[in-house]
Amino acid sequence: MSDTSQTSSWSYASAPENTDHIVLKEQYDLFINGEFIKPDSKKYFKSINPATGEVIASISEANKKDVDLAVASARKAFTSWSKIEPKERAKYIFRIARMIQERAKEFAIIESIDGGKPIRESRDVDIPLAASHFFYYAGWADKLEYAFPNKNPKPLGVAGQIIPWNFPLLMAAWKIAPAIACGNTVVLKPAETTSLTALKLAEVIQESGLPKGVVNIVTGAGKTGSEIVNHPDLDKIAFTGSTQVGKLIQNSIVGTQKKSTLELGGKGANIIFEDAAIDQAVEGIINAIFFNQGHVCCAGSRLFVQESVAEIVIDKLKDRMSSLIVGDPLDKNTDIGAINSKEQLDTINKYIKVGREEGGEIYQPTCNLPSNGNWCPPTLFLNVSQSHTIVQEEIFGPVLAIQTFRTIDEVIEKANNTPFGLSAGVWTEKGAKIFKLTQELNAGVVWANTYNKFDSTSPFGGYKESGFGREGGLHGLIAYLNVE
Ligand code: NAD
């Protein structure tokens, strides 16, 4: 795409990923009881390529009857799946992991077409991490008694799982892998703008020979999600998405037998001390906020720079931002892809407008944005303080709010002054400072001299309005077990 090149000190020849071998159906049905079946609703909605505005495929809209069928199939499958030899369960999950690896390129391309993220990220982050999650939890399937000695861990039953659009396959893996490794069965709903890789995963699951009904995938929007949440025959609701919807879900299930984990929004603080390695820290700031167009729950969207180095950090940051390539997600040079949907672009633009109106000083490098599709240049705001809307609220886009600080206690207080508590980053050469901040920041994950690093073996989750429960690591098993 020649019009995606950007004004910068040098330009790259385009390096588009080849999509010739990608096979997509025109219409996708629901995956229930091991088969693809037409929705009772007879309704389909379009999945749109956010980089071009073109329709990619039609996706089924599951209604109450469809959800009933999926839950009944998962309930039936639970009886045998929860009782088979754990090492047999592990074999299926290992097989799914290997099949994702074998088809990694196909998954990566579809993820980028459907969701807008740069191919480098779907290829190097989303898909390898999704496979790794299945490998990791396959390993636990026959070792649960060692994970919880003398506790007699037992599966919960049938889990309803609802995921967002920012890491579609990865979120599906985070939900499905630990649940089925522990002997549960699931009904999973992907987000309405990014159903395709979950449906491709359904094809892999079908080919893997996983017993029918262990994993069911139903598609649709919020209405379908609420049919899952309110279904009386579920034992667990696992939700990843906005704090707003998380609160609705929590209200709906209070007083029922359903257990829940909620992985919600964030407003991560990324803190740069004067003794940090400045060039690495600048790269870290870029990665923290512009990775995946800033559609990241743990994005470092609030930057705190120690006053003595603020000028140099901000100069270097602006310089680096001007070299970021915004454009075609399938071009291997692209740093920032398309905004996932028109609605999300409107939300981001609304926040940029509010940021300006409240007196923020905006910087956006000059970008030649493509004429079709949803695009937002990398953006930063200076001259903002704790009370500014763009400092308090999650934007979920490539927009950074910058403040300065003088002392360690000041920055801890400012960083914790948020309703969220998901993530933070600390950049310093001093181990003692790292230890102090990791103790005192109210965040589920604190990265030191790095940012947005994920690993299947490491628990991830939040405090306060970022939700509760952990995914990943041994902690991720607890979410799917009764451990007495
Ligand atoms: P969203 O809450 O709008 O939607 C998430 C999912 O919930 C979608 O599948 C949607 O169809 C479904 N849904 C919508 N309304 C529903 C309802 N009333 N009942 C049941 N389901 C419903 O969130 P989003 O815009 O898709 O995702 C962005 C949000 O997700 C951000 O706030 C982000 O921080 C958060 N997120 C959190 C984590 C984490 O691990 N904490 C990870 C990724 C994303």
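These are my notebook entries on a predicted model, taken step by step.

**Entry 1: ground rules.** I number residues from 1 along each chain as its sequence is written. Since I am reading a predicted model, local features need pLDDT of at least 70 and side-chain atom pairs count only at pLDDT 80 or more, while totals for chains, interfaces and linings use all residues. My helices (H or I, at least four residues) and strands (E, at least two) are DSSP runs, numbered from the N terminus.

**Entry 2: the two domains.** I looked up the division first, and found domain 1 (27–264 + 466–482) and domain 2 (269–456); the bounds come from an automatic or database domain assignment. Their C-alpha centres lie 30 Å apart. The contact takes 22 residues from domain 1 and 25 residues from domain 2, where contact means C-beta atoms, placed from the backbone, within 7 Å. On the domain 1 side, helix 3 (104–115) and helix 4 (119–140) are the elements that give two or more residues. Helix 4 gives the most to that side, with seven residues. By class, I noted eight nonpolar, 11 polar and three charged residues there. For these classes, Ala, Val, Leu, Ile, Met, Phe, Trp, Tyr, Cys and Pro count as nonpolar, Asp, Glu, Lys and Arg as charged, and the others, Gly among them, as polar.

**Entry 3: helix 8.** I then checked which residues of helix 8 are buried, and found T224, G225, E227, I228 and V229. Buried means that 20 or more other C-beta atoms, placed from the backbone, lie within 10 Å of the residue's own. These buried residues pack against helix 1 (64–81), strand 7 (158–162), strand 8 (185–189), strand 10 (236–240) and helix 9.

Entry 4: Next I traced an open sheet of seven strands, in the order 14-15-16-13-12-17-18, with mixed pairing; two strands pair if DSSP finds at least two bridges between them. Strand 14 (361–363) and strand 18 (445–448) stand at the edges with a single partner strand each, so one side of each has no neighbour in the sheet. Strand 12 (269–272) runs parallel to strand 17 (423–427) and is joined to it by four bridges, with A269 partnered by A424.

**Entry 5: strand 16.** How many of the residues of strand 16 are buried? I count seven of its seven. V399, A401, Q403 and F405 point one way, and L400, I402 and T404 the other way. Five bridges join strand 16 to strand 13 in parallel, including V305 with T404. Strand 15 (379–382) pairs with strand 16 over three bridges, also in the parallel sense, and T379 has V399 as its bridge partner.

Definitions and conventions:
A residue is buried if 20 or more other C-beta atoms lie within 10 Å of its own, exposed if 12 or fewer, and partly exposed in between; C-beta atoms are placed from the backbone. Two residues are in contact if their C-beta atoms, placed from the backbone, lie within 7 Å.
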